[in-house]
Structure formats: C-alpha cells, structure tokens
There are 2 protein chains.
Amino acid sequence: MAKQRPRPTSADVASRAGVSRTTVSLVLNERGGSIPEPTRRRVYDAARALGYHPHHSARGLAGGRTQTIALVLRQSAEQVAEDALLTETLRGIAGAARAADLRVLIEPLMPGEAYSDLVRSGRADGLVVSGPLFDDPELRDLVGDGFPVVIQGNAADVAAPSVDVDNVTSARTAVEHLIDLGHRRIACITNAPLVYTAAADRLEGYREALLIGGLTYDEALVAEGTYDAASGHRAAARLLASTDFTALFVASDVVALGAMRGLREAGLVIPRDVSVVGFDDIALAEHFDPPLTSVRVPARAIGEAAGRVLVDRIAGQVVPVRTILPTELVIRESTATPAKRRGGAEGGTH
Amino acid sequence: MAKQRPRPTSADVASRAGVSRTTVSLVLNERGGSIPEPTRRRVYDAARALGYHPHHSARGLAGGRTQTIALVLRQSAEQVAEDALLTETLRGIAGAARAADLRVLIEPLMPGEAYSDLVRSGRADGLVVSGPLFDDPELRDLVGDGFPVVIQGNAADVAAPSVDVDNVTSARTAVEHLIDLGHRRIACITNAPLVYTAAADRLEGYREALLIGGLTYDEALVAEGTYDAASGHRAAARLLASTDFTALFVASDVVALGAMRGLREAGLVIPRDVSVVGFDDIALAEHFDPPLTSVRVPARAIGEAAGRVLVDRIAGQVVPVRTILPTELVIRESTATPAKRRGGAEGGTH
DNA sequence: CGCCGTTAGTAATACGCGTTACTAACGCGC
DNA sequence: GCGCGTTAGTAACGCGTATTACTAACGGCG
C-alpha cells in the first residue's frame, strides 16, 4: 500500500509545461494578465495531468496568508451543546469562506484561554468570535493591532465589526404580540444569565414592551434560564410557585420547551391557561406541543454575513461596522387571547 | 493602530537566548533530550519575552505536518442542520485533537465534491469522515494510499478504522422494550432513507426484535423518515391512515417529535394509545410531551474516540479497526403497556 | 531603413521560517 | 594523548510567490 508518490511540485508542472515556475504560479493564480492562452493551457494541462495541488504550507509561508479563518467559540461546553443554531451558523460561515476559497478552523476557547497561539502563529487570517464577551482585553488588543476580527453577537466594547440580530427589538415584538392578545400578566424567563449581552438585551426588549404597553415591570415575573431545557423547567416551577401570569416569554426555544413542560406539570394548558412565546425558532419549535410561537433568527444568514464581512475585511475592504439581520415573529398555536377570568385573584390591574 | 511589530522568528529567540536556532527548535519541541536545563531555561525565557510563536506555515513546510485534522461532513445541508448530535461530536473531536495539539478544520463536502484539494495540498494530516457513504472510490483511494482516515459511522466497504455505535443491537433493544411491555403491533419510522447504512441498520434491529419476539415483519408498518420532524409528522399520518398499532419505534428523536405531533393530531394519547420510542436521546427528548423513551447515543464520546483514533493513526500507531461505543435505552414516559382494547378496531376512529 | 523606446512574455533569484541532517568543538575518562 | 559522548552550530531543505531582470518583437520616428 501507501504508494507514496512524491507530490508533484510547481517545478514538475513547469518542466512538463516547458515554462518556468513563475509562469506556473502566475497562471494558476490567475494573476498573469499578460500570459497568452496557449501557454496558459499548457500549464493547466500539465497541472491536471500531474494532479498538482500547491502545497498549502509553502503557499502560506510565501504569501503570508493561510487561507483559513477560525471560528472561536467563546462559550462553555454546555452552552455550545444547547446551541441549536450553531450548526447552521457554522454552515453559513463555511459557505461564505468557501466562496472566497478559505477554510474554517474550529477553536473552542474556554474563557481564560488565549487567542495568541492561534493568531501569532499565523494559523488563521481572521477570526469570527462567537459568543459573549464580558471584557476581553486580549481580543481588544488583537483588534487594536489591526487583526481581522468579526464578532458574531453583540460587539460590546470591542471595536470590531459585528453581525447580529436586534435582540431588544425582536424581544419587544414578541412581547408586544402577547400584549396585543390582551395579556397583562406576562412572565419572562431569560435564555442565559444576564452577564451575557444577548440575554440582557432580550430582557430589555421585554421591559420596553411592557413600558410601551402601559404595564409595570415586576421582578417577580422574571426568572433566569441557563441555555438548557432543564433550566426552563425549573424557572417555570419557580414562577408558578410565587406568582401567576397568563403569558410567558422565554428568550430561547430550548429553555421554552422545559418551561412548557413545567406548565403542563402544573396542570396548565397552553395556550388556554398560559400563552408562551419562544425565541430562536429552532427547527423543532414548529413541532412542539403546541407548536411554539417564536422569533425566527436567521442563523444561516448570520453565519454567511459574518463570514462575508470577515472575508472582505481580510481583503482589505471597508466593511460595515455593524450588520443587523432581521428577525420575524412566527405565530403558531402556543399563543392565544387570555382565557376569561376563571374567577381568581389575578393580581395587577384587571 | 496596527502596530505591525514584525513577528519574532526563531532567530530572534536564538540570539536573545545566546544559542542557535537549532537549539531553539529542539528545546521548544522538547526533542533535545541532551540539552541541559540552564540552556533550556534561557530559550524558554527568551521565547516568552518575545512572545514567540513558531510560524505555522513554516513549520508545516519544514516538518511536513500541518497539525490539523479535517472533519469532513459528507451529508446534505438539511441533514447536517437536523443533526442535533453533531455539535457534541465536534466538541469531542476537537477535544481529542487539542490533547495532541492538533486543530480541527471543518469541510462540508457535498456528494460529488472531492477530497483531493484538501488532502493533496497537505492541508490536513488526517480526516474524520462523518456520514454515510454509498460508494466512495476517492475515499477508498485515499485510504489505500495510506492517508490517515477515520470513519465516523459505518465504514461500509472502506478499509479505514471506524467509530460507531451498534445500530442494529441498539434498535433491537429499543423494540424489545416495546415487546416486553406487551405490544404486538409495532410500527417503525426510519431516521433516513435506507441507502444510509445507519438507517438500514436500525431497521434491521427492528426486524430482529420482531423475529425474536415471534412477531411478523409487516411492511405496512414501516414508513420512511428523512432527518427532520416534518418527515416524522408525514410518516405518522401515513401509517395511521393505513394501519393501526399500539407502539411506534422512530429511529431518530427529531423525527419522533414530528411523529408524536402526528399521533396527537389524530387524537391519540401517548403512551395510553400509542407508545413511542426514539433514538439518539437528544438533550430535548427528556422534555418532550411526554418525555421520550430513547436510545442514548454517546455523541461526545464518539467524537472523542474518533479524534483519538485518528491522532494515534497519524502518529503511526496501530489503531483498532473498529470502535463500538455502548448505547443505553433511557426509559421515560412515552412508553407503557398497551391499553386494554377499548372495543375493537382502533384505526383512528374510536 | 535603421535605431530607440516600449511592451509583452518569461525567466532567474531572493525570500519566508522552522526543521533536520551533518559537523565541529568541547570536556572528560582512560 | 586519544576516543567518546555531550552540546551547539552550520547549512541545506521544503515549495511557492514576489520582485527584478532580461529578451524578443513591435511601432514610431528621423
């Protein structure tokens, strides 16, 4: 086995085509504007005949480019595991990268771990950083040094281009839908601890909707979820134990599924007793029981946009500082007008 | 901005430490067994002081190694999108790679697209190929040439080491659970078209269980799913329209969710009227309504094992041809003993 | 018609940077 | 004083790309 044929080099192609290595390089990189068709063809033919593929490392060494971008996952393991949209985003990035003949490296990076090896060793030409960042001085330095970085999510205080949805407005729209239906006691379960900007933003949207709707924000109606369905289950139980409400906004479909289970276990029927709105519109949301009203986040498009912005940035072009993609509230059967009072003290203004 | 300090090279480290580049290389790669501690320390100190990171491309060019493995996703876009376990597997691979100081490149490869660029350009030292392969001559050639490849899934006719679960036995166990509960009319919805070995194997497990249980295999009880929940929904509707059954084995949790919805829409209650068993045990399965009995597939462990085998293979060690990881049937509330016949033909009309 | 400035087309060469033979110097034991 | 092991240095190598250099053909002009 292991034929180990010795990799054709550009010199092999050159001699077979009867030209110099320079010409081979120029032709194959489509840079030799002045090279006539016949020569070109000879080079292509020779390359194909030999099965020549330029040696990636050599090319990287010579050109200072690795044709690689890295997707840095700055989230805990559990968080990634629950991120139903990550695969889609990844595909989007890969697609955009592929269009520019780049490839994608995955770099899970626990908080505290450094980017330096990845970047300083010249392994990637640019970074898509996914996930929240409280304060990330190393990342800021990187950006300050002019290294191409795109943030997928809220850029916070880092001066890099970002791609995201408008979490505040999206959440507001979702909650406004509940208000429009006539709900007055609307609870909220966050998708993550509030140190994460996405979570904070969605909660802010919830507040804004209440404000606009003339309702008062009540801390007792807010519970914290942590990425997974189990946390939604717990949060729902907590809320049910301490207060009552006719609608529930959960800032993540995954968490919402757990919450729905919690409601059911309390004997409540969705949407008769409680309406539920989720966030993300994961593929499964449509098949929940009942199908979940949710905010559709265009994960694939986010990935594509992030990839494209990074590619452009690497190419030295001017790129938008901020790319905000639209969301859409998908209304399904988990939301309805509140049931007529079943005679209880329902708190708040009637 | 863009300070553009000019990357320290090994020569910089060498001169700062007062040694030669050779010594730097030996020390930093921990290969110079004969270099005394003081020299070693000087090199380390100099490297740290300068923030030296060996240039990846240069290293690859010199050493013929790229310290990179590629995860080749040989599935359609939709399939990947629905693969709830992919993220976990990816993390497993990344973990194993990291432990050997390798990184992971993602390569979505539509059927028909070639590996050659990736491999012949020396971009990766090895491949984890995920997803089914009907007949893949190029992959076979690669393996024949001695290129390190690990198959995640059923290796089929390719002579590369593989990592997988035993789909046949796992499915059999799941269906046996239904039989043990007393079910006699057990339907099946596949997770994918049967050209995929995993799908075929799971169906085979279903058949075996019936056989062992003394039941006859009835084609009318089998419907084909295609990765997503919607297909499960359709398949369930089809089954309900043409036959009746008291239990349903769905070879994918995602598909099962759709099927459950279909059952519900037909007015059936799970598990009272129909028991359902899924496959994969995705994180959400526990929160379905009712919580879904399912076969737990250790996705993370599969990824880790695949990564580890590949790493060892690249290092030239002898690796197991086949690694089969155990599954576990997780029994939840979606399965129960069949209801006493409520008066005759159950065919959806009660 | 011959010379010169161009330009097109291709070649020669240097370079990027770490690794790895191979080589040399050094100190030690015998 | 010789041989050996230890320790460090020299030089070549891997392979493409960028830059500079050169050659031949071509057009214009005197």
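The model is predicted. Chains A and B touch each other, with 51 residues taken from chain B and 51 residues from chain A. DNA strand C has 27 residues around it, and DNA strand D has 26.

**Where chains A and B meet**

- The contact takes 51 residues from each of the chains A and B.

- Strand β2 (residues 103-108) of chain A is joined to β2(B) by three bridges.
- These two strands run antiparallel.
- Within this pairing, A:Leu105 stands opposite B:Leu105.

**Around DNA strand C**

- The residues that come nearest are A:Ser20, B:Ser10, B:Ser25, B:Ala58 and B:Ala62.
- Both chains take part: α2 (21-28) and α4 (56-63) of chain A, and α2 (21-28) and α4 of chain B, each supply at least two residues.
- α4(B) has the largest share of this surface, with five residues.
- By class, the surface near DNA strand C has ten nonpolar, 13 polar and four charged residues.

**Around DNA strand D**

- Here A:Thr9, A:Ser10, A:Ala58, A:Ala62 and B:Ser20 come nearest.
- Two or more residues each come from α2 and α4 of chain A and from α2 and α4 of chain B.
- α4(A) gives the most to the surface near DNA strand D: five residues.
- That surface divides into ten nonpolar, twelve polar and four charged residues.

**Helix α9 of chain A**

- Helix α9 (residues 167-180) of chain A has 14 residues.
- At 1.5 Å a residue, α9(A) should span 20 Å, and its end C-alpha atoms are 20 Å apart, so the two values agree.
- Which residues of α9(A) are buried? They are A:Asn167, A:Ser170, A:Ala171, A:Arg172, A:Ala174, A:Val175, A:His177 and A:Leu178.
- An α-helix has 3.6 residues a turn, so residues three or four places apart point the same way.
- After α9(A) comes A:Gly182, which has a positive phi, near 110°.

Key: Residues are numbered from 1 along each chain as its sequence is written. Chains are lettered from A and ligands numbered from 1 in the order in which they are written. This is a predicted model: local features need pLDDT of at least 70, side-chain atom pairs count only at pLDDT 80 or more; totals for chains, interfaces and linings use all residues. Two residues are in contact if their C-beta atoms, placed from the backbone, lie within 7 Å. Two strands pair if DSSP finds at least two bridges between them. Helices (H or I, at least four residues) and strands (E, at least two) are DSSP runs, numbered from the N terminus. A residue is near a molecule or strand if its C-beta atom, placed from the backbone, lies within 6 Å of it. Ala, Val, Leu, Ile, Met, Phe, Trp, Tyr, Cys and Pro count as nonpolar, Asp, Glu, Lys and Arg as charged, and the others, Gly among them, as polar. The expected span of a helix is 1.5 Å times one less than its number of residues. A residue is buried if 20 or more other C-beta atoms lie within 10 Å of its own, exposed if 12 or fewer, and partly exposed in between; C-beta atoms are placed from the backbone.
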